[in-house]
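Keep the structure in view while reading.

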Amino acid sequence: MNQRELESSIHVDLSKTETYGGYLALSQLLSAQLPRSNQHDEMLFIIQHQTSELWMKLMLHELDAALALVKRDTLEPCFKIFARVAHIQRMLFEQWAVLETMTPSEYLSFRDALGRSSGFQSYQYRALEFMLGNKDAKLLLPHRDDKDVHAWLEQRLHQPSLYDEFLRFLSRKGYAVPKDRLERDFSQSYVKSDAVVAIFQQVYQTPEQHWPAYEMAEKLVDVEERFQLWRFRHMKTVHRIIGHKQGTGGSSGVTFLKRALELTFFPELWDVRTELKPQPVTS
């Protein structure tokens, strides 16, 4: 018989206990997909973006924890967090492949139902950018009508980014981080400092003498590289589905998304690669 016997110890009377569906609030979660059209592919579009928001929520949860550890001068536990963040970013990247199964004509069959809604309006994506250092007060404008979200994002806009806190950590450990990198208007995007490049040149030239800083720097590079790959995959998915049409949120679409690929979160961590010199071999 092609059937598995139900073990007698398995709980089947769940009337007075927590259940899987209740714990995960599945009735709310699975009823949150509300297509505006009768087109089959709109369900894919909705679930794609809802699952992205869930992964972004977890990524923010993890990066907030990492930032708190850096502020306490405790870098080592951050590395486990960054390992998890890497897998979250991989999930965000790979799921574009599911959306790419939708053809341009299938998307056009329900695109008008979106109205002016756009991924640009994702406040969790904005919070991630603020966390990583892409600060711009104008990015709060789409959220003016939601006071709670606006206040939440404004708080994140003004607080130091993960990179800012890393530089503060380095200063507390005796590295000569310029004062103007430590005390500044954190609502503004970070500007590259040659003095900070010199610090990372020292770290990368002799990593065995600066291992915590070296490891943290590489973890941050990992995060930014995957973030840029995610942006690139988003841009190519949009290009594949709508070409160079204007975005539903009013942007130029693919052209606007390409410009995001020119942004960088941690400029010195990229520029230091150019400055590194071969080290003499010791016998």
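## Overall make-up

From the N terminus on, the elements of the protein chain run α-α-α-α-α-α-α-α-α-α-α-α-α-α. That is 14 helices and zero strands. The model is a predicted one.

Along the principal axes, the C-alpha atoms of the protein chain fill a box of roughly 70 × 55 × 45 Å. The protein chain has 283 residues, and buried residues make up 41% of them. Among contacts between residues at least 6 apart in sequence, 71% join residues at least 24 apart.

## Helices α3 and α4

Helix α3 covers residues 42-71 and helix α4 covers residues 76-94; their axes come within 10 Å and cross at roughly 165 degrees. An angle over 145 degrees counts as roughly antiparallel, so α3 is roughly antiparallel to α4. The crossing of α3 past α4 is left-handed.

On the α3 side, the residues that meet α4 include W55, M59, L63 and L69. On the α4 side, they include I81, F82, V85 and I88. By class, the contact of α3 with α4 has 17 nonpolar, two polar and two charged residues.

## Helices α4 and α12

Helix α4 also packs with α12, at an angle of about 10 degrees and with the axes 10 Å apart. Angles under 35 degrees count as roughly parallel, and α4 and α12 are therefore roughly parallel to each other.

Residues of α4 in this contact include E76, F79, A86 and F93, and those of α12 include E215, K219, F227 and W230. By class, the contact of α4 with α12 has 13 nonpolar, one polar and six charged residues. Two of the residues named for α4, F82 and V85, are listed in the contact with α12 and also in the contact with α3.

## Helices α9 and α12

The axes of helix α9 (residues 162-172) and helix α12 (residues 211-242) come within 12 Å and cross at roughly 170 degrees. That angle makes α9 roughly antiparallel to α12.

Here L162, Y163, F166 and L170 in α9 meet A213, M216, A217 and L220 in α12. The residues of this contact divide into eight nonpolar, no polar and no charged. M216 and L220 of α12 are listed in the contact with α9 and in the contact with α4 as well.

## The largest nonpolar core

In soluble globular proteins, nonpolar side chains tend to be buried together. Which residues touch the most other members of the largest nonpolar core? They are Y163, F166 and F200, out of 67 residues in that core. The largest share of this core, 12 residues, comes from α12.

Leaving aside its neighbours within four places in sequence, F200 is in contact with Y163, F166, L167, L170, A217, E268, L269 and V272. Among these partners of F200, Y163, F166, L170 and A217 also take part in the contact of α9 with α12.

## Two loop residues with positive phi

A25 lies in the loop between α1 (20-23) and α2 (26-29). A25 is not a glycine, yet it has a positive phi of about 50 degrees. Is A25 buried, exposed or partly exposed? At 27% relative accessibility, A25 counts as partly exposed.

D73 is placed in the loop between α3 and α4. D73 has a positive phi of about 60 degrees, although it is not a glycine. With a relative accessible area of 29%, D73 is partly exposed.

Key:
Residues numbered from 1 in each chain as written. Predicted model: local features only at pLDDT ≥ 70, side-chain atom pairs only at ≥ 80, totals over all residues. Heavy atoms only, no water. Axes fitted to C-alpha atoms, helices over the stretch in contact; angles between N-to-C directions. Helix = DSSP H or I, 4+ residues; strand = E, 2+ residues; numbered from the N terminus. Parallel < 35°, antiparallel > 145°, perpendicular 65-115°, else oblique. Contact = heavy atoms within 4.5 Å. Nonpolar A, V, L, I, M, F, W, Y, C, P; charged D, E, K, R; others polar. Core = buried A, V, L, I, M, F, W, Y, C linked by side-chain atoms within 4.5 Å. Buried < 20%, exposed > 50% of the residue type's maximum accessible area, 1.4 Å probe, protein only. Left-handed = near helix turned anticlockwise from the far one by under 90°.
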